[in-house]
Amino acid sequence: GEISASGGGVLVNPTGGVNVGFDGLYESIVATLVDDRAVLFLYSLMYSNHKFLNYVLSKSEPEVLLVPLLRLLYSSQHWQPNHKYMLLIVLLILSHDALYCANINTLTLNNLQGWFKDRTVGTITLGSLLVVILIRTIQTNLRIQDAFLNSNCLAILMNLAPHLSNVHPYAASKLVSLFEVLSKRHNLLVTRMQAAAAGEGKQPG
């Protein structure tokens, strides 16, 4: 079968193959984004079919897909690491597109009360929400020191950074908090390395 950008239905072409329209496929994926299996399917499509990826990036309402993805990441504490990686790679792929990153910083959300329980944020841009949940994921995983997970979160933040605007105060406070934590860890590491180097220098030849 072949996945194409045509309509929302399933068409049988003259060669006997099946053409699945992107519209219907996209809507089905959004409707079933409730666990890691749906994320794996989405990742497979975005990675292997550039036409589908371009279709996703061109959608005028990115929140339809991005909010369910962020909701999954928010509640993924008990997922297996490889399932979290897949979700983060989907977000990383999306963040490579500059127009997409710019667009999500102009869209506002008003009702997160059903699932976002950290604090009341009122109106927040989609970009700021992405920042908040990425940093929350990093801070949660610093204790278990999952370098791959944290590096992917940081890569998404780096892709998003040049396009940040209308930053919500809570997102700004999370960025400052993350900087403080990473600075302390960096300074501690430098101190340990200097102490180790000094200790080696004092050893008799």
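What we are looking at is a predicted model, in which local features need pLDDT of at least 70 and side-chain atom pairs count only at pLDDT 80 or more, while totals for chains, interfaces and linings use all residues. Residues are numbered from 1 along each chain as its sequence is written, and side-chain values use heavy atoms, with hydrogens and water left out.

Some context on the fold. The protein chain has 9 helices and 5 strands, which are DSSP runs numbered from the N terminus, helices being H or I with at least four residues and strands E with at least two. Of the 205 residues in the protein chain, 41% are buried. Among contacts with a separation of 6 or more, 60% come from residues 24 or more positions apart, a contact being heavy atoms within 4.5 Å.

Back to the rings. A search of the whole structure gives 9 aromatic pairs, counted when the ring centres of Phe, Tyr or Trp (its six-membered ring) lie within 6.5 Å, with planes under 30 degrees apart taken as stacked, over 60 as edge-to-face and the rest as tilted. In the pair of Tyr74 and Phe116, the centres are 5.3 Å apart and the planes stand at 40°, so this pair is tilted. It links distant parts of the chain, since Tyr74 belongs to helix 4 (residues 63-74) and Phe116 to the loop between strand 4 (108-109) and strand 5 (124-125), 42 residues apart. Phe116 also pairs with Trp115, with centres 6.1 Å apart and planes at 85°, so that pair is edge-to-face. The relative accessible area of Phe116 is 3%, and that of Trp115, also buried, is 9%. The charged end of Arg136 sits over the ring of Tyr74, 4.0 Å from its centre; the criterion is NZ of Lys or CZ of Arg within 6 Å of the ring centre and within 35 degrees of the ring normal.

Next, helix 8. This helix (residues 147-160) has 14 residues and spans 20 Å from first to last C-alpha, close to the 20 Å expected at 1.5 Å a residue, the expectation being 1.5 Å times one less than the number of residues. Its buried residues are Leu149, Asn150, Asn152, Cys153, Ile156, Leu157 and Leu160. These cover an arc of only 160° around the axis, which places them on the same side of helix 8, the arc being that of the directions from the helix axis to the C-beta atoms. On the face turned away from that buried side are the exposed residues Ala147 and Met158.

Finally, two loop residues. Asp35, between helix 1 (22-31) and helix 2 (36-48), makes a side-chain polar contact of 2.8 Å with Arg37, a polar contact being a pair of N or O atoms within 3.5 Å where, within protein, one must be able to donate a hydrogen and the other to accept it, and where residues adjacent in sequence count only if both atoms are side-chain atoms. Asn166, in the loop between helix 8 and helix 9 (169-202), is exposed at 55% relative accessible area, and its side chain reaches the backbone oxygen of Asn105 at 3.2 Å.

Definitions and conventions:
Buried < 20%, exposed > 50% of the residue type's maximum accessible area, 1.4 Å probe, protein only.
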